[in-house]
Amino acid sequence: MEGTAVAVCEILKYLIIHWRCETARISKGALLEGELVISIEALNSKHQANTLHCVTTTVNILKRVASAGSIFGGLVLKKILKEIQSILPGLSAELSWTSEETSYSQDVSGVTPFQMIFEVHEKPRTLMTDSLVIKNFLRKVITVLPKIRFNFSVKVNGILSMEIFGAENEPTLNLSNGIALVVNHQHYVSTPKFGATELLCSRIHPVLGHPVMLFIPDDVAKMGLLGELILTPAAALCPCPKVFSNQLNRISSASIFLYGPSGLPLILLNPEQPTSTIFKDTSYFINWKKHHLCMVPNLDFNLDRDLVLPDVSYQVESSEGDQTQNMDPQGQTLLLFLFVDFHSGFPVQKMELWGVHTLLTTHLSAILTESHSVVQDSIQVAVDQALEQHHHAVKAHQKLQASLSVAVNSIMSIMTGSTSSSFRKTCLQTLQAADTQEFGTKLHKSFHEITQNRFLHHCSREVKQLLPEKNNAEQSTEDAHENSSLELLAGTSGQVENKSLKRGSLRQGVEETRAFRSPRALNPSEAALGRAEPTAAPLTPSRNRTGPRSGLEDALWLQEISNLSEWLSPGSAS
Amino acid sequence: MAFAPRGPEASFFQVLDQHRASLLAALRKGGGEPAGGGTRLATSSEVLAAIENVIQDIITSLARNEAPAFTIDNRSSWENIKFEDSVGLHMVSHCTTRKIKSDSPKSVKTFALILKILSMIYKLVQSNTYATKRDIYYTDSQLFGNQTVVDNIINDISCMLKVPRRSLHILSTSKGLIAGDLRYIEEDGTKVNCACATAVAVPSNIQGIQNLITDAKFLLIVEKDATFQRLLDDSFCTKMSPCIMVTGKGAPDLNTRLLVKKLWDTFHIPIFTLVDADPHGIEIMCIYKYGSMAMSFEAHNLTVPAIRWLGLLPSDIKRLNIPKGTLIPLTKQDQMKLDSVLKRPYITCQPFWRKEMEIMADSKMKAEIQALTFLSSDYLSRVYLPNKLKFGGWI
């Protein structure tokens, strides 16, 4: 993989790091806000056959931190350009910049837009892959930097495709050091998989593990890493285990996401090497056996999905003895986020942070191997807690089903045994049932629905009881471990129940060419001939505004889990 | 004489007869028995209709997409209980309630179990058969978990439907015993004569017993089975004939209480209690007389406020010079229970009882009835009780 994808991602990483360092000097831990526009315009090369001349422009509209002045003044921009050129030595294209104000800044005050442009020549298939890689990178960034919006467009021989990536108003979980994890499950699993009627809680509920300091191998430390690397895992089940569906009574897969300092992805997904070496051994960091799970690497690597693709993907291997269990392939996914942060005791400089990031991306396996024991312990705690939620939810669901079954059977016993025809008739009429069999079915269904609604109400009521939104991004690693310090930013009440919740990534407007559906399905001639519709008008991005908004102590979620334990205690009748 | 006369002379019972007369006068003055509130005997069809109404309410809620819930009176809350000296402890008319919801993880199991037991009651009433609470539990012990769950739910259903447990065709297991001058016919036609050497078990179906016949001058409620057996061995019922003795073997079960109430309602004979001079015994006595918190919703069918405390009084300990070595220090639990009983609303209208309890509290000592055996082995039946009965030594 080369060219556009690497360049775009590196540039974006650099800009975000720069942005982070500048912002941290004024407001440590504040979430970055702003918009970056990436557009790729490709035309058939006049000099090479089957090659596109691609001009990539990144327009950076950055929100000024209050009273900070412009982050990107003229001299600064020149310096940035030089630095970017130095970090992309392999990029043969010319990198230039302008600092003209554009129309993008109309709705954002106090911003200094500038843009960088570079040109490459690529095969159409490569461009398509690059686009998918870039999109996945953007999705990963917005899930931890939700206030950054990316406007990504690709125009190939006049055919425009544009997407906006953002999660500004979505519920998040604040982590330390200015990053926040988006907890809307639709970023991680596709909703149609579970059906519109089945899934009523749209969030994941991450459990943080202990932050641990990573041991750095000598050879890595010699490269000039002066400071500490802290790993904080977060595990969550997706979708929410509280609201149960018959399809969700088992864990079917696990996804691991790796983030470095400043919330930047550590791994750029590469179809040629889907899984990082260290994670090929599924049990290297996680003891799955204690949860009666057998995980194998998932080698299905498809970039063309509207989800945040994990850096590592496992799937549960079904055994022959599982015939009696529900072998529905859907099930729940365990999400594991590994956040690596850097602390040096001093305000971190940009190039230092860039260097740390580079070290992490190139020596991640070595660092994690060196720290195997502590990493394993920390991850295991988070995974155990997350899976414990699942076990609790399963048992609670079983207990609920058993209770409802008793209730239904008792009612049926009275109804069918009654000698009062008026009573029986009234019962049938009330539920609009033709006979006792239908009555029984409707009775069971009614009970099932009201209990599901109750759990949903519980989810949304937690939101209503939220504390006011806090800007408490400055959390010590100990506080990050303590659940009471977690904050859940959420929108206004009721919205979370909307089953038509839209994701942060909107695909609007112009019909995409079939060329961009799948990297394998590209028909260069189609793209070249431009058989799809011509360019559409510039689109106004519509924001993704669902979700309640107020502050929530995540302890409420944990309290709910502890309440579920009442299902399990004997004599728990009130 | 061909036969030795049984029991003492008629003059022996003079004070008792006067006491009975005063009780009857008080009853007439009070307008007879207090009107039954809270629970009443219900016919089978009424019980079935009540259960069907409950089911209809549930189905209506479901049709409205609302979670059905039972509204249950808080039987075990003092705020819902008041005291009347003619009734004892009984539930207030507008009491606080709690909801047993079908959509709450905490209560859905209870909701289901209530329905389960309702369906079982429905079948019992329909088929005119009876079962004990224990029987109910054993139909599915794994589902119910423990007997207490079943007991509480049955009481809640009785309270919710406003019908006594016996109308639900659920019987409590009797553990009490009767002896003395009493005859009756059980529901199944069995003739029972309690005037035999050994005692008779309190029947399970008090409501069903008929043709109660007695000439008893008094009814003696004995706290402990050991004391009861001792009195039987001493032929107390013969020596004090005509009389009736009952024991609940400690805290009385529902049927024993129902029997005592039935005997009072039928014959209006003086009823006395013979309990240990300790807080536990006093509390047991209060249960017979004023009722319990748990069963306050059925107080009108269970309590006999006319009961008098015959012995062992704390003042008897000093009066009879019972050896101090036979006394037992009050434990911490005893102290707490004594304090609790002293605070109960009915003690305020029993100044003599209060005084006795204060004597106990001051001495910090308690005594069992068996302490009297240190005076002589048959002191209880030969001296203590006869003197108490003859000379009105009750409070």
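A salt bridge is a side-chain nitrogen of Lys or Arg within 4 Å of a carboxyl oxygen of Asp or Glu. The model examined here is predicted: local features need pLDDT of at least 70, side-chain atom pairs count only at pLDDT 80 or more, and totals for chains, interfaces and linings use all residues. Residues are numbered from 1 along each chain as its sequence is written, chains are lettered from A and ligands numbered from 1 in the order in which they are written, and side-chain values use heavy atoms, with hydrogens and water left out.

A search of the whole structure gave 24 salt bridges over all chains. One of them joins A:Glu449 to A:Lys445, with the closest N and O atoms 4.0 Å apart. Both residues belong to helix H8 (residues 436–464) of chain A. Helices (H or I, at least four residues) and strands (E, at least two) are DSSP runs, numbered from the N terminus. A:Glu449 and A:Lys445 are 4 residues apart in helix H8, so about one helical turn separates them. Accessibility was classed by relative accessible area: buried means under 20%, exposed over 50%, and partly exposed in between (1.4 Å probe, protein chains only). A:Glu449 is partly exposed at 35%. A:Lys445 is exposed at 52%.

A salt bridge also links A:Lys135 and A:Glu163, whose closest N and O atoms are 2.8 Å apart. A:Lys135 lies in helix H3 (residues 124–144) of chain A, and A:Glu163 in strand S6 (residues 159–165) of chain A, so the pair ties together parts that are 28 residues apart in sequence. Both A:Lys135 and A:Glu163 are buried.

In chain B, the side chains of B:Glu66 and B:Arg64 form a salt bridge at 3.7 Å, N to O. B:Glu66 is partly exposed, with 37% relative accessibility. B:Arg64 is exposed, with 54%.

Aromatic contacts were examined next. A pair of aromatic rings is described by the distance of the centres and the angle of the planes. Rings of Phe, Tyr and Trp (its six-membered ring) pair if their centres lie within 6.5 Å; planes under 30 degrees apart count as stacked, over 60 as edge-to-face and the rest as tilted. Over all chains, the structure holds 18 aromatic pairs. Among them is the edge-to-face pair of A:Tyr188 and A:Phe257, with 5.9 Å centre to centre and 70° between the planes. A:Tyr188 lies in the loop between strand S8 (180–182) and strand S9 (207–208) of chain A, and A:Phe257 in strand S12 (residues 251–259) of chain A, so the pair ties together parts that are 69 residues apart in sequence. A:Tyr188 is buried, at 7% relative accessible area. A:Phe257 is also buried, at 1%.

A:Phe257 also pairs with A:Phe337. This pair is stacked, with 4.9 Å centre to centre and 15° between the planes. A:Phe337 lies in strand S15 (residues 332–343) of chain A and A:Phe257 in strand S12, so this pair ties together parts that are 80 residues apart in sequence. A:Phe337 is buried, with a relative accessible area of 0%. A:Tyr188, A:Phe257 and A:Phe337 form one aromatic cluster with A:Tyr259 and A:Phe339.

One annotated residue was located in chain B. The UniProt annotation "active site", from an unreviewed entry, covers B:Tyr138. UniProt positions are given in the numbering used here, feature names are shortened, and annotations may be inferred rather than shown by experiment. B:Tyr138 lies in helix H4 (residues 133–139) of chain B. B:Tyr138 is exposed, with a relative accessible area of 52%.
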